[in-house]
Amino acid sequence: MAKVISHPLIEHKMTIIRKKDTSSMEFRQLVNEIATLMGYEVTRDLEMEEIEIETPITKTTGRVISGKKIGIVPILRAGLGMVEGLLTIIPAARVGHVGMYRDPETLNPVTYYSKFPSDVSSRLMIIVDPMLATGGSLIEAIDELKRHGATNIKAINLLAAPEGIKAVEEAHPDVEIYVAAIDEKLNDHGYIVPGLGDAGDRLFGTK
């Protein structure tokens, strides 16, 4: 089952971005902040190693991340709103991109662009997208990463529908999914209920 990252700050900010009268500027800022907060939990299991350092007072040992390479892959276009939030705490991460849109008739994802770091096989690849609705886009993004050699993949979504979680877990049981909230269901148009509307439109002020 997807891991719900529960924290008062996340819940507070999620409530505000759900409101229909939240401006695009505020929406973008909050999505960025939520991604940063979620990033702490997603990277909790990074391997550590001890090194010797010298403080202004004396020599000592400390723990640092053990050379773990990380890649961030936003699903265009809404996933872009989460990238800077993760780069705030993982500034050395490489950023790839997957461009998709959803066919309004079939609701299936259509990929029109993908580009990743050349060494995805040696990186933890984190796919980001605010919404996990039907699961089709995330499944296709994972498929595309695996076709390029990725073996260690996680996903971060702000909102998810149970149907989408189930679909992704059945297609890719090896991929961990982290969400800020799991909503009630999908409606007949494939939108999450109660949801927050179209994340891309709200991020960029388009309709």
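Predicted model: local features only at pLDDT ≥ 70, side-chain atom pairs only at ≥ 80, totals over all residues.

Modeller: Residues are numbered from 1 along each chain as its sequence is written, and side-chain values use heavy atoms, with hydrogens and water left out.

Colleague: Why is I192 called buried?

Modeller: Buried means under 20% relative accessible area, exposed over 50% and partly exposed in between (1.4 Å probe, protein chains only). I192 has 7% relative accessibility and therefore counts as buried.

Colleague: What makes A199 buried?

Modeller: The relative accessibility of A199 is 4%, so A199 counts as buried. With contact meaning heavy atoms within 4.5 Å, A199 is in contact with F27, A78, P130 and M131, leaving aside neighbours within four places in sequence.

Colleague: Which residues does the UniProt annotation "binding site" cover?

Modeller: According to the unreviewed UniProt entry, the "binding site" covers I192, G197, D198 and A199. The lining of the largest pocket takes in I192, G197, D198 and A199 from this set. Such annotations may be inferred rather than shown by experiment. A pocket is an open set of points on a 1 Å grid over the protein atoms alone, where a 1.4 Å probe fits, with protein on both sides within 12 Å along at least five of seven lines; lining residues have an atom within 4 Å of a point.
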